[in-house]
Amino acid sequence: MQIAKVRGTVVSTQKEPSLRGVKLLLLQLVDEEGNFLQKYEVAADSVGAGVDEWVLVTRGSAARQILGNEQRPLDAAVVAIIDTIHLEDRLIYSKKDQYR
Amino acid sequence: MQIAKVRGTVVSTQKEPSLRGVKLLLLQLVDEEGNFLQKYEVAADSVGAGVDEWVLVTRGSAARQILGNEQRPLDAAVVAIIDTIHLEDRLIYSKKDQYR
Amino acid sequence: MQIAKVRGTVVSTQKEPSLRGVKLLLLQLVDEEGNFLQKYEVAADSVGAGVDEWVLVTRGSAARQILGNEQRPLDAAVVAIIDTIHLEDRLIYSKKDQYR
Amino acid sequence: MQIAKVRGTVVSTQKEPSLRGVKLLLLQLVDEEGNFLQKYEVAADSVGAGVDEWVLVTRGSAARQILGNEQRPLDAAVVAIIDTIHLEDRLIYSKKDQYR
Amino acid sequence: MQIAKVRGTVVSTQKEPSLRGVKLLLLQLVDEEGNFLQKYEVAADSVGAGVDEWVLVTRGSAARQILGNEQRPLDAAVVAIIDTIHLEDRLIYSKKDQYR
């Protein structure tokens with residue numbers, strides 16, 4: 001999985017019928033030091049992630065291993081809202097600090 | 001999924017029999033700020049996307065999670081025509097504005 | 001799918017038994033403007049593509065959605081010989097012109 | 001598979017229910033000479049790898065070919081703790097030397 | 001598939017039980033002109049490839065389309081030892097010449 005920050009949303013009315021009701025988030029990928037990468041992913045959300053939260057995004061067929069997504073044409077999904085990232089002794093990210 | 005703009009079409013007569021009747025669009029990938037990337041994808045269309053529209057493209061086995069595509073040798077498909085893209089407070093793209 | 005030009009062939013006698021009889025083409029990937037990329041793919045051919053023809057290559061599990069390939073360890077296959085590529089109003093490639 | 005060094009951990013409480021109890025490691029990818037790459041992966045661990053150990057990471061649907069992971073939305077997993085890496089005649093890495 | 005040269009081996013004792021007995025080769029990827037790329041893959045071998053031989057490596061779920069690998073967490077496998085590579089009229093590689 002990759003670390004990403006929720007940056008925005010993508011809205012569509014004319015789409016595959018199976019995608020109705022799926023919330024599509026625009027995620028900016030983040031490197032292991034917490035820096036933003038010039039890469040993004042539009043991913044389905046099922047954990048209730050909001051803008052500015054850091055999340056884990058899974059890609060490929062893994063995105064369909066989520067209740068309700070089994071038959072949707074999804075290649076990316078948010079699977080977790082991150083609480084903390086530790087890199088050796090350092091705390092790279094903490095959700096609590098982010099929002100204090 | 002990635003954001004892409006429909007740029008053109010690819011036509012073939014000598015092909016896998018299962019691809020007969022499949023419309024193949026030439027998509028240029030777009031970054032999260034709306035800039036064009038030096039990347040493209042040839043993808044099957046089932047949502048009726050036309051040249052200049054911005055779409056979502058799904059890749060890998062997800063392309064076969066669409067009615068009729070289940071057994072086609074496709075690794076990319078257009079799954080939605082985009083109405084709007086929001087990046088935090090900014091409206092990065094709006095289909096309405098695009099065509100006014 | 002990606003656009004590619006057939007550049008050559010790869011021959012092997014000592015290989016997975018299921019690959020016997022599979023023709024392996026060396027494909028050079030082409031960008032959306034028709035320029036050659038520094039990327040290639042060795043792909044199974046089932047549409048009878050020959051050197052210099054432009055083709056569509058599918059990758060990943062899609063390569064096994066072809067009659068006979070279902071249980072072969074293939075991650076790339078030629079699925080179409082391209083007749084024409086249109087990028088907006090321009091004809092980027094035409095098989096007819098290529099061979100006149 | 002790719003070679004990676006365990007650098008840290010990612011912790012999340014709000015996540016896909018199927019990910020409960022899964023240990024998520026932050027891995028830094030390593031090249032074939034043993035140099036660190038500017039690439040990382042967050043992967044599920046089932047072999048008991050700890051910080052500083054060198055491991056093999058498998059990606060894509062392979063991550064779900066592990067007992068207990070079959071239905072988890074994982075696209076990366078640690079599958080082995082590396083003892084030695086040989087590049088021709090040279091010993092590039094040895095777990096024993098690493099820890100002496 | 002990609003062309004690669006066998007450069008070495010990776011050994012592990014603490015690993016997924018299903019990987020016991022699997023020989024893991026360190027492969028350096030080669031471009032279509034025969035030049036070495038700064039990319040590698042650790043892949044399972046089932047064709048008996050040895051150091052210095054040029055091989056074809058398949059990636060993704062294709063690696064599990066090999067007898068015995070069906071349920072192993074592998075995302076790369078050697079599927080053929082290459083005899084010759086032809087690029088248009090030129091012989092880029094010949095196993096015979098390599099070893100004369």
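Between chain A and chain D, 21 residue pairs are in polar contact, both residues at pLDDT 80 or more. A polar contact is a pair of N or O atoms within 3.5 Å; within protein, one must be able to donate a hydrogen and the other to accept it, and residues adjacent in sequence count only if both atoms are side-chain atoms. Four elements of chain A, namely β1, β5 (54–59), β6 (76–81) and β7 (84–87), each give two or more residues to the side that touches chain D. Strands here are DSSP runs (E, at least two residues), numbered from the N terminus. By class, that side of chain A has 14 nonpolar, eight polar and seven charged residues. Ala, Val, Leu, Ile, Met, Phe, Trp, Tyr, Cys and Pro count as nonpolar, Asp, Glu, Lys and Arg as charged, and the others, Gly among them, as polar.

This is a predicted model: local features need pLDDT of at least 70, side-chain atom pairs count only at pLDDT 80 or more, and totals for chains, interfaces and linings use all residues. Residues are numbered from 1 along each chain as its sequence is written, chains are lettered from A and ligands numbered from 1 in the order in which they are written, and side-chain values use heavy atoms, with hydrogens and water left out.

Stay with chain D for now. Here 29 residues of chain A are in contact (heavy atoms within 4.5 Å) with 29 residues of chain D. The two chains bury about 2400 Å² between them, and 46% of it lies on carbon and sulfur atoms. Buried area is the accessible area (1.4 Å probe) that two parts lose on being put together, summed over both. A:Met1, A:Glu32 and A:Gln65 supply 29% of the area that chain A buries against chain D, more than any other three residues.

Next, look for charge. Chain A and chain D share one salt bridge. The term means a side-chain nitrogen of Lys or Arg within 4 Å of a carboxyl oxygen of Asp or Glu. The side chains of D:Arg7 and A:Glu88 meet in it, at 2.6 Å, N to O.

Four bridges join β7(A) to strand β1 (residues 2–11) of chain D, and the two run antiparallel. Strands pair if DSSP finds at least two bridges between them. A:Leu87 stands opposite D:Gly8 in β1(D).

Now turn to chain B. The contact takes 29 residues from chain A and 29 residues from chain B. Within chain A, A:Arg7, A:Gln14 and A:Tyr40 lose the most area to chain B, together 28% of what that side buries. A:Arg7 also forms a salt bridge with B:Glu88 (2.6 Å, N to O). β1(A) gives five residues, the largest share of the side of chain A that touches chain B. That side has eleven nonpolar, nine polar and nine charged residues. Four bridges join β1(A) to strand β6 (residues 84–87) of chain B, running antiparallel. There, A:Gly8 stands opposite B:Leu87.

How are the copies related? Chain A can be laid on chain D by a turn of 72° and a shift of 0.0 Å along the axis, with an RMSD of 0.0 Å. The superposition is by least squares on the C-alpha atoms of residues with pLDDT of at least 70 in both. The two copies are therefore related as by a five-fold rotation axis. Chain A can be laid on chain B with a turn of 72° as well. Only 3% of the interface residues of chain A are also interface residues in chain B, so the copies meet through different surfaces.
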